[in-house]
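Please examine the sequence and the structure shown below. The paragraphs that follow proceed from surface accessibility and charge pairs to aromatic contacts, a helix and the strands.

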Amino acid sequence: MCGFTGFLSRSAPDERVLHAMGDTIRHRGPDGEGHYVDAHCAIAHRRLSILDLANGQQPMTSPDGRYIIAYNGETYNFHALREELSAAGYTFSTTCDTEAVLYGYIHWGPKVLEKMRGMFAFVVWDREKQELFGARDPFGIKPFYYASMGETFFFGSEAKSFLPHPDFKKELNDQALKLYLTFQYSALNESFFKGVYRLLPGHYFLHRAGVTELASYHTISFAPENMPLEQRAQQIREVVTESVQAHQISDVEVGAFLSGGIDSSVITALSRPDKTYSVGFAREGFDETGEAKALCKELNLKNISKIITPEEFFQALPAIQYYADEPNANLSTVPLYFLAQLAARDVKVVLSGEGADELFAGYMTYHTTPSYRTYRKLPQGLRRAVSNWAEKRPPFKGRGHLIEGGKPVEETFLGQAFIFDTQEAERVLTPAYRGSLTWRDVTAPYFAAVKDADDLTKKQYLDLHLWQPLDILRKADRMTMANSLELRVPYLDREVWAVARAIPSDQKMRGKSTTKYPLRMAAVPMLPTDWIKRPKVGFPVPFVAWMREEKYYNWARDLINQAYVGEFFDQAYLLDLLQQHYSGKAKTHRKLYTVLAFLLWYQVYFPERCGVQPFRPDR
């Protein structure tokens with residue numbers, strides 16, 4: 001696992017600037033650094049040594065000197081690619097996957113992406129054509145940012161790596177804030193830095209003579225197939241087992257993250273690592289370390305755990321926002337940061353369960369009750385009328401179902417987080433940041449792509465394109481890389497996806513609350529019955545309780561009252577939200593954290609606008 005950054009320019013690149021850019025991502029690769037510079041191209045690479053520890057330094061150059069590659073990720077089938085390329089006449093001098101990817105691009109061009117099995121982001125500079133090729137893996141596991149400013153084209157693993165370059169113009173993208181308040185993450189293709197874009201998952205680009213051409217090489221689609229559940233479970237068991245084996249390829253020790261849920265438990269049971277890692281909080285309902293230790297006792301594995309204190313949580317928040325690159329309001333990001341910190345003391349690589357919920361339908365928002373499904377069968381006009389009536393009434397039991405069930409899923413679902421609705425987001429923001437875009441402008445193209453699918457498929461499709469890459473995988477990459485730890489996600493594998501996409505919607509749920517049913521059936525031979533039945537919990541954080549303690553109430557109030565906050569928000573409105581929560585009149589902690597996370601991020605990246613000292617990372 002590594003990181004890269006660089007730029008193209010018409011004038012000769014400044015090597016001192018390149019080194020400064022590379023230093024901003026040293027956390028992604030503390031084991032080594034490399035630089036390449038010619039008349040127009042500059043590339044910096046930071047290496048976390050996982051395969052071929054003695055060799056594989058980057059940027060790597062082809063034997064004829066024409067092609068230069070900087071690569072971040074793992075290609076798990078690189079041995080097969082090496083054999084095919086060796087048969088075609090290529091000679092290898094290392095045993096790392098980067099060389100296979102380089103020769104693969106030379107031999108097949110962009111079609112090499114269709115052969116690669118893994119997580120990756122990389123660039124290849126063609127000195128002869130003066131052309132830069134860049135690509136990102138199909139699920140968006142590894143990050144890739146790019147920007148064109150004046151005569152300079154930037155590219156890299158993290159947006160912060162562009163900051164040291166004198167041609168980079170640091171500006172806030174004023175269109176991003178309103179949508180962030182709704183989604184809890186940056187939802188546009190353009191990042192929170194104006195002019196800086198993310199390369200979409202499953203896409204590549206060619207940049208030549210100042211022009212960037214984007215193309216897709218992988219699309220997500222569902223293809224349901226009829227198959228008995230028992231046979232389906234066996235198929236899942238086999239493909240996940242094989243994927244876990246492939247994801248364990250390494251020249252260093254591989255550990256595993258373990259919570260009390262089924263996803264990480266299956267990965268742990270299959271991989272049988274020497275060490276597993278868990279974190280929690282010393283408050284009832286917010287600590288799964290006990291469950292993790294109990295499972296490890298059943299499996300005869302070692303579990304290493306940590307209890308995170310409130311003081312540690314709040315002290316870490318500026319660093320969290322620094323490493324996140326863009327504002328991150330998912331509370332689970334913080335314990336993930338501490339979990340990665342814990343594991344990085346012992347290992348360089350960990351396996352984790354990200355992706356299972358999106359592939360196998362693990363969220364309760366996907367689940368519908370029999371009464372809800374019956375209600376959905378009523379004529380649309382009748383349901384719409386009932387929905388409109390319920391919206392105007394005070395809260396009552398079942399009101400949410402009447403409102404949601406009376407409208408098409410396209411009008412009610414935007415993913416696993418819905419913080420501020422459009423009306424309240426515009427109410428809390430100052431006029432300059434309200435903009436014209438709404439969350440439906442973001443979701444509409446994805447829903448249109450599956451307009452004839454059932455509601456569950458529509459929800460999964462949207463989450464696979466937004467929630468998974470922009471929230472789940474972004475926080476996973478940033479928090480592990482902040483601690484120089486490589487995270488591998490065996491569920492997000494092309495072979496596992498080939499099986500998951502074939503599961504019909506009517507097989508995915510059971511009873512009143514059982515999600516991802518086929519995966520649970522697949523886990524029967526691997527785990528104790530209690531673990532198979534466990535509901536999804538996520539990474540619970542007691543922020544709801546902390547905001548009712550005077551110490552942290554005062555912390556939030558002081559932050560909201562800072563002068564720069566008035567540029568973005570109605571401060572009186574925010575203070576009212578805080579008071580409502582503190583007094584117990586309402587639960588507004590998610591809204592508060594979303595705003596507070598942005599304010600901390602802004603202090604980190606725009607300290608000159610906030611009157612604070614610049615943030616300095618520990619490493």
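A residue is called buried when its relative accessible area is under 20%, exposed when that area is over 50%, and partly exposed in between. The model discussed here is predicted.

By these limits E253 is partly exposed because its relative accessible area is 28%. K275, by contrast, is buried, with a relative accessible area of 18%. The two residues form a salt bridge in which the closest N and O atoms are 2.9 Å apart. This pair links distant parts of the chain: K275 belongs to strand β14 (residues 275-281), while E253 lies in the loop between α5 (229-246) and β13 (254-257), 22 residues apart. Elsewhere, salt bridges that share partners join R28, K142, E158, K160, D325, D477 and R478 into one network.

How many salt bridges are there by this rule? The count comes to 37. Another of the pairs is formed by R117 and D493, whose closest N and O atoms are 2.6 Å apart. R117 is buried, since its relative accessible area is 8%, and D493 counts as buried at 2% relative accessibility.

The side chains of K348 and D31 also meet in a salt bridge, at 2.5 Å from N to O. K348 sits in the loop between α9 (333-343) and β16 (349-351), and D31 in the loop between α1 (15-23) and β2 (32-37); the two are 317 residues apart, and the pair thus links distant parts of the chain. K348 is partly exposed, with a relative accessible area of 26%, and D31 is partly exposed at 38%.

Charged side chains also meet aromatic rings. R82 lies over the face of F92, at 4.4 Å from the ring centre. The charged end of K591 sits over the ring of F420, 5.6 Å from the centre of that ring.

A pair of aromatic rings is described by the distance of the centres and the angle of the planes. A search of the whole structure finds 61 aromatic pairs. One of them is the edge-to-face pair of F568 and Y602, with 4.8 Å centre to centre and 80 degrees between the planes. F568 lies in the loop between α22 (550-560) and α23 (571-583), whereas Y602 is in helix α24 (residues 589-605); the pair links distant parts of the chain, 34 residues apart. Both F568 and Y602 are buried.

Which of its residues are buried? The buried residues of α22 are Y552, Y553, A556, L559 and I560. They lie on the same side of α22 because they cover an arc of only 130 degrees around the axis. An α-helix has 3.6 residues a turn, so residues three or four places apart point the same way. The buried residues of α22 pack against α8 (310-324), α21 (543-546), α23 and α24. The face of α22 turned away from this buried side carries the exposed residues E550 and K551.

The strands come next. Six of them form an open sheet with antiparallel pairing, in the order β4-β5-β6-β7-β11-β12. Why do β4 (60-61) and β12 (211-216) stand at the edges? Each has a single partner strand, so one side of each is left without a neighbour in the sheet. Within this sheet, nine bridges join strand β5 (residues 67-75) to β6, and the two run antiparallel. G73 stands opposite F120 in β6.

Strand β8 (residues 145-149) is mostly covered, with four of its five residues buried. β8 pairs in the antiparallel sense with strand β9 (residues 152-156) over five bridges, and S148 has F153 of β9 as its bridge partner. β8 and β9 form a hairpin with two residues between them, and G150 in the turn has a positive phi of about 65 degrees. β8 also pairs in the antiparallel sense with strand β10 (residues 196-198), over three bridges, where V196 is the bridge partner of A147.

Key: Residues are numbered from 1 along each chain as its sequence is written. This is a predicted model: local features need pLDDT of at least 70, side-chain atom pairs count only at pLDDT 80 or more; totals for chains, interfaces and linings use all residues. Side-chain values use heavy atoms; hydrogens and water are left out. Buried means under 20% relative accessible area, exposed over 50%, partly exposed in between (1.4 Å probe, protein chains only). Two strands pair if DSSP finds at least two bridges between them. A salt bridge is a side-chain nitrogen of Lys or Arg within 4 Å of a carboxyl oxygen of Asp or Glu. Rings of Phe, Tyr and Trp (its six-membered ring) pair if their centres lie within 6.5 Å; planes under 30 degrees apart count as stacked, over 60 as edge-to-face and the rest as tilted. A charge sits over a ring if NZ of Lys or CZ of Arg is within 6 Å of the ring centre and within 35 degrees of the ring normal. The arc is that of the directions from the helix axis to the C-beta atoms. Contact means heavy atoms within 4.5 Å.
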